[in-house]
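Hi there,

Here is the structure I promised to pass along. Please have a look at it first, and then read on for what turned up.

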Amino acid sequence: MRQLFPLPADDVDPAPLYRDSRPTVGDRPYVVVNMVTSIDGATAVGGVTAKLGGPGDQRIFFLLRSLADVILVGAQTVRTEGYGPPRLTPQAVEARLERDQPALPTIAVVSRSLDFDWSSPLFSDPKTRPILLTVGSADSEGMSRARDRAEVLIAGERSVDLALGLRQLRARGVALVLCEGGPTLNAALADAGVLDELCLTVAPLLVGDGGPARIMGDHPLDPPLEPSLLHVLEEDRFLFLRYRLERAEWR
Ligand SMILES: NC(=O)c1ccc[n+]([C@@H]2O[C@H](COP(=O)([O-])OP(=O)(O)OC[C@H]3O[C@@H](n4cnc5c(N)ncnc54)[C@H](OP(=O)(O)O)[C@@H]3O)[C@@H](O)[C@H]2O)c1
């Protein structure tokens, strides 16, 4: 991998570039979003991300996972991408234990419907019990299944109040949240003013109609975010961009 910005450099190891200090923000964790897109902005091809990724993207995907306390993900991404329990290499687990983190990050799924395949691996491994971030008005049968298979956090009545949900995670000691999308959840986090960083892989593909939404969903962000570029890396025509996100009124 080579660095193009801020300074050109060949053969860089991305790990130290992503292993940065990310302080908590008031009473909530720091929130990083990691996404992959085609050059023309598609976030999925044929409904899934598989055709957008590549080895470098996978490296950064797992690098970010290895740093996170919680992996936050929208229910539709869990359903379409077939999310399972988190897995890391033994080296990554060892490094986490040395940093006094749990061996693996916890997956936290945001859902109103609680409509899941409860027999899927994500909800079947008692060693990696996920969190479900949901609403008080959720269907009672779904809620009872959810409580059997996951730790349930209620944040809001009809819609998940993401700022409140993040504060609940912080109260449990969570300092770094990695959001893995999808676009609907990203947009809701942006609307709530709780996004701190965007890691974006631009895949060397033009796909035309690649799906319904771009990385921040399909409604306008008002005002738009004006991210600051932290670095640009390149490998095999893929670009790896890292931005800090903030609006003046957020802090
Ligand atoms: N390119 C990438 O890096 C990337 C990353 C992730 C996903 N994707 C793609 O994106 C697509 C899925 O994204 P998506 O935007 O359709 O869905 P999504 O963001 O993954 O999930 C949306 C769902 O999350 C729940 N949700 C989100 N915000 C909520 C809130 N504030 N309150 C209550 N529930 C909330 C709802 O779940 P319920 O329906 O259960 O109520 C909602 O239907 C897939 O095609 C996937 O392959 C791409």
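This is a predicted model: local features need pLDDT of at least 70, side-chain atom pairs count only at pLDDT 80 or more; totals for chains, interfaces and linings use all residues.

One of the ligand's oxygen atoms lies 2.9 Å from a polar backbone atom of Leu 185. The backbone comes up again at Gly 182, where a polar atom is 3.0 Å from a ligand oxygen, and at Pro 183, where the corresponding distance is 3.4 Å. On its own the ligand would expose 920 Å², and the protein buries 86% of that.

Where does the ligand sit? Its place is in the largest pocket. Helix 3 supplies the largest share, with six residues.

In total, 26 residues surround the ligand, and the closest are Val 36, Thr 77, Glu 81, Ser 111 and Thr 184. Sorted by class, that shell holds 13 polar, nine nonpolar and four charged residues.

Now for the chain as a whole. It contains seven helices and 10 strands. Its radius of gyration is 18 Å, close to the 18 Å that the globule rule gives for 251 residues, so the chain is as compact as a globular protein of that length. Along the principal axes, the C-alpha atoms fill a box of roughly 55 × 45 × 40 Å.

Best wishes

Methods:
Residues are numbered from 1 along each chain as its sequence is written. Side-chain values use heavy atoms; hydrogens and water are left out. A residue is near a molecule or strand if one of its heavy atoms lies within 4 Å of it. A polar contact is a pair of N or O atoms within 3.5 Å; within protein, one must be able to donate a hydrogen and the other to accept it, and residues adjacent in sequence count only if both atoms are side-chain atoms. Accessible areas come from the Shrake-Rupley method with a 1.4 Å probe; for residues, only the protein chains shown count as cover. On a 1 Å grid over the protein atoms alone, a cavity is a set of points where a 1.4 Å probe fits but cannot get out, and a pocket is an open set with protein on both sides within 12 Å along at least five of seven lines; lining residues have an atom within 4 Å of a point. A molecule sits in a cavity or pocket if more than half of its atoms lie within 2 Å of its grid points. Helices (H or I, at least four residues) and strands (E, at least two) are DSSP runs, numbered from the N terminus. Ala, Val, Leu, Ile, Met, Phe, Trp, Tyr, Cys and Pro count as nonpolar, Asp, Glu, Lys and Arg as charged, and the others, Gly among them, as polar. The radius of gyration is taken over C-alpha atoms; the globule rule is 2.2 Å times the number of residues to the power 0.38.
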